[in-house]
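The exercises below are meant to be worked with the sequence and the model side by side. Try each task before reading its solution.

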Amino acid sequence: MENKNCVHLHVHTEYSLLDGISKVKELVNRAKELGMTAIAVTDHGSCAGHKDLEIECEKAGIKPIYGCEFYAHEGDEVCKEDNGRHLMVFAKSEEGLQNLYQLYNESYSTFYRKPHININLLKKYNKGLMVSSACIGGTISQKLLSGEYAIAKEWLTKFKDIFGDDFYLEVQPNDIPDQYIVNKEIFRLARDTKTKVIATNDVHYTFKEDADVHEVLLALQVKQKWDSPKRFKFPTNDYWLKTYDEMVNTFIGSMSDKKEFIQALENTNEVADKCDWVKLPKGDFMPHYNKLKPNQTERDALEEEVKEGVVKKYGVSTPTSLAEQIEHELDVIDEERYSGYFLIVQDAIREARKAGVLVGDGRGSGAGSKVCYLTDITRVDPVKYGLVFERFMDKGRQPDIDVDISDQDWLFKYLQSQYGDLNVARIITYGTLTAKSCTRKILGCFGYSMEEIAKVIGYMPDRLSFSFKEALDESKDLSIFMDSKPFIKRCIERLEGVISHEGKHAGGFVIYPNLRKYLPLKMVTDDNGNRNVPVAMLTKYPLEDAGFVKFDFLGLETLPIIKHTLDLIEEDTGEKVDLSKIDLEDKKIYEMLQKGDVSGIFQLNSQASRLVEQKPRKFSDLIAFTSIIRPGTGDYHEYIERRNGKEWYIAPERQRYMNESEGLMIYQEQYLHDAHTYAGWAYGFSDTNIRKNKKLKEDIELANKFVVDGIARGFNRSLLEKIWEEIVDVASGGYGFNKSHATCYTVITYQTAYLKAYYPNYFYSALLTAKIDNQEEVANIIAECKRKDIKLLPPDLNKGTHEFTPTKEGIRMPLNYLKGVGESVIPEIIRLRPIISLSDLFERRTKAIIRKNVLVSLIKAGCFDFEETRNEMMYRLDMLNRTKTQIKNGHICDYYDYNEKLFMKWEKESLGMYLRKHPLDNHNPKSFYDYKESEMVSVVGEITDVTERSQKNGKMMAFITLDLPCGVVRALSFANIWESQSIKNESKEGNIVYVKGKKSGDSILLDNIESLEVN
């Protein structure tokens, strides 16, 4: 009897990036709805959808078949270009899955860019695998299309020699002329060689009606407009998850071919039956520390490190209570089998510091652990700052040690050197089309202008996260617009949430022997150009769910700036500044911060006005400040009022942990202390039942327990009820901040402030080098240097590099900051050193590298000021460049018409800024930065950019960038001002303007703007 069902074996999901629409869940549910017993996922060069497939098939009760559509190279040699055909590979068993992942890994590491495989690799990893000839893009199909039947047969023989009856030919019912030819020839080849055929549909979307939306996705993939006649699209519109009848009915061919096609559909059930219900690897994948002494356990080794730390940091005689707390931590760590994890992290940090790599003082909740502190994983004393171990780790809870490091690539290579190149991997992340990005991209695809797109985006909610449906519900304007564009609306609804790109987790690493046996690993190139860096194709949560441990070594942008500053100090003075030993209560630092001098300081860069209000006097003030400025954390205004004298009361038992925040509960640790102090609860119990309790407000039983337990300890009911209400408000509102994290990061804040205060030339040089690609930020930093009488010097031909350099006279600008001086010019200048004159450089240069425009830029910036004046240099360059005939005919330039205005003009042309003097210096008696917050500002500046944006109401506003003597400042012109035509007419790029408005942070809220004539 005919089996009126089939199994889809050629299926692409959203993990075939911008080529497949479907979520795995949707595909599985549709297959279940159609009565299918199994479904495969076979994405292009990706096994990333396998975890989703396992989860969804488990729910639906249908069998998952794990596969991949590889690019198959026809030769035996290593492939150096993207010329691979397609080939389908399926895992029949757990062994097959392991071999699929081995094959996947080698497909990236052995071949070029895309994951290519060849016959040799298939022979190496053939056990437990099935293979099919794939779509029309497969090797056999291509040979048949080109009339090379004998060669196609040879390829079939090669595959069958490896896989026997587990090799299948593949036909598809797609309405393409070439497909008809391939199908007919495939059936002929199958008869001649007694090979079975499977019928697939190369699924790229779930439903038939998704075909036009899929075309939009393809246009987004190649960044083409919808109306482009050459737009990339599939040749037909039948790549959906078809029913059995739809597969039969869409097949085009003779009656005999149709019978064979129906048999090919039957064969898909045979393939599914051959496949076990495979479970993805799941188990105990905890890596082990590799530097143990003979007969030493990981617990012993960790305890030994801790004991050394105790003597070093707390002295020989440790208080009994502290010793008990340390022993408790060691017990919990050991019981949860994380001793090796701590040792691996500690060893990596220690070796990094030895190698001169800067490591942060901690991050996250790990600073609450005394073991972390005593082993130098963190450098913030949890006892001194009242930090809680149970906020970090407790029985049944995995720890997560977050480490900031200045050189992730160094650390990755070190871990590979210790545990093996293929036993250490980074972790994948996936970006998706959000409601806003999806709308923006699709409108762009349909030809909408930037201004029109900005207007539509302006209708959407002004928050980070929202769905398209929420945006429609909240905005009548958006709803009206989308209702008038039903196809665009449908595209956004369908494509929202689809994966758009891959990335690397900011700091996630996974370590385990022979990782590629258990995980699909993709090989990528890191930021330094190093190839073959393994990346695990599971994101962090599925990875941890499978039993792997995630190590977090994060590349904090500030650390390289600190490291560079310290290196500059040591190179110039020989002094080695040890930031772990600086005084955290240095009065000079707090005086600087109280003035709002915060540019370049970690976490405080845009907080000048608030810091002036707070007036920090000690380190605990800074910790509180860096916490309470975060959105939703505490009541900032109440905090400032209390610091300025407003009376407040806190119960005596709470003062030791509440006084530092003026009696306001801003830290998570504070309500954990409350629960311990008043109810006697263990910190671990409180962390689980308060911080992690999503229904805390409704948890009457827990509230009663707090009050009953508190009364039993002698406290008043009304006090307990009041404290519990405060705990609930903070914990359920989600705005209690992690004090462990705040304390560690405030150390970095203080360190950057310390370097700025005591080593300004070195600090600013490092900061400018880090920001070199952001001209606006560089201009502002240079303007600040000028205000502090730190001179900015033009590049030095004989000493200059690609970095800003501190000198006794000031800060020397890098050579490649000059316009027209690219990276290739610097090695050439270095080769020619010493350069004694313009003529010397002109004569010895490689003309193809140091062209005339480069020489002009060098002169205008002042690089030859040691020789003659700049106008004389320009005249001489002009003469050097002229032919004898031109000189004889009296063709001479007029560079002697030289004045201060021309000097400044040249400097702006070459450096992109006014370095020594600004033409508007005399027009601004008061600097923008001398005005107080909310004070009316009057400044004269040059407009360098005008950008329009749409407000929530759809009306247009503008951001006007002004070049002032004190730096670059933005004026914000809201719609009520910007709609004035006279304001728009005055606001043209290049205009010198007089601006009035209110100071708001680092911006001006525009009231009026007028053009000026400046001599």
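**Exercise 1: A tyrosine and its surroundings**

Tyr430 touches Tyr15, Ala48, Ile499, His501, Glu502, Met537 and Thr539, when residues up to four places away in sequence are not counted and contact means heavy atoms within 4.5 Å. This is a predicted model, in which local features need pLDDT of at least 70 and side-chain atom pairs count only at pLDDT 80 or more, while totals for chains, interfaces and linings use all residues. Residues are numbered from 1 along each chain as its sequence is written, and side-chain values use heavy atoms, with hydrogens and water left out.

Task: state in which strand Tyr430 has its place, and how far apart in space Tyr430 and Leu343 are.

Solution. Begin with the element: Tyr430 belongs to strand β9, residues 424-432, where helices (H or I, at least four residues) and strands (E, at least two) are DSSP runs numbered from the N terminus. Then turn to the distance: Tyr430 and Leu343 are 87 residues apart in sequence, and their C-alpha atoms lie 31 Å apart in space.

**Exercise 2: The chain as a whole**

Solution. Along its principal axes the C-alpha trace spans about 105 × 95 × 65 Å. Next consider burial: 56% of the 1015 residues count as buried, with buried meaning under 20% relative accessible area, exposed over 50%, and partly exposed in between (1.4 Å probe, protein chains only). Finally, among the contacts with a separation of 6 or more, 70% are made by residues 24 or more positions apart.

**Exercise 3: Nonpolar cores**

Task: find which residues have the most contacts inside the largest nonpolar core, and which helix gives the most to this core.

Solution. A nonpolar core is a set of buried Ala, Val, Leu, Ile, Met, Phe, Trp, Tyr and Cys residues joined through side-chain atoms within 4.5 Å. The largest such core has 95 residues, and those with the most contacts inside it are Leu593, Leu755 and Leu858. Helix α32, residues 739-758, gives the most to this core, with 10 residues. A second, separate core has 72 residues, including Leu103, Tyr104, Phe163 and Val278. As background, nonpolar side chains tend to be buried together in soluble globular proteins.

**Exercise 4: A covered helix**

Task: determine how many residues of helix α33 are buried, and what covers them.

Solution. Helix α33 runs over residues 760-770 and is mostly covered, with 9 of its 11 residues buried. Among the buried residues are Tyr762, Phe763, Tyr764, Leu767 and Leu768. Their cover includes the helices α22 (558-573), α32 and α34 (775-787), together with the strands β14 (791-793), β15 (805-806) and β16 (810-812).

**Exercise 5: Backbone details in loops**

Task: locate the cis peptide bond that ends at Pro834, and say which loops hold Arg337 and Gln603.

Solution. The peptide bond from Arg833 to Pro834 is cis, with omega near 0°, and Pro834 is placed in the loop between α35 (825-832) and α36 (838-844). Arg337 has a phi near 65°, a positive value in a residue other than glycine; Arg337 lies between α12 (320-335) and α13 (339-354) and is partly exposed, with a relative accessible area of 41%. Gln603 likewise is a residue other than glycine with positive phi, near 75°, in the loop between α23 (587-594) and α24 (608-614).

**Exercise 6: Leu265 and Lys279**

Task: is Leu265 buried or exposed, and which residues does Lys279 contact?

Solution. Leu265 has its place in helix α10, residues 255-274, and is buried, with a relative accessible area of 0%. Lys279 is found in the loop between α10 and α11 (298-314) and is partly exposed, at 40%. Leaving aside neighbours within four places in sequence, Lys279 is in contact with Glu54, Glu58, Glu94 and Leu97. The C-alpha atoms of Lys279 and Glu58 are separated by 9.9 Å, although the two residues are 221 residues apart along the chain.
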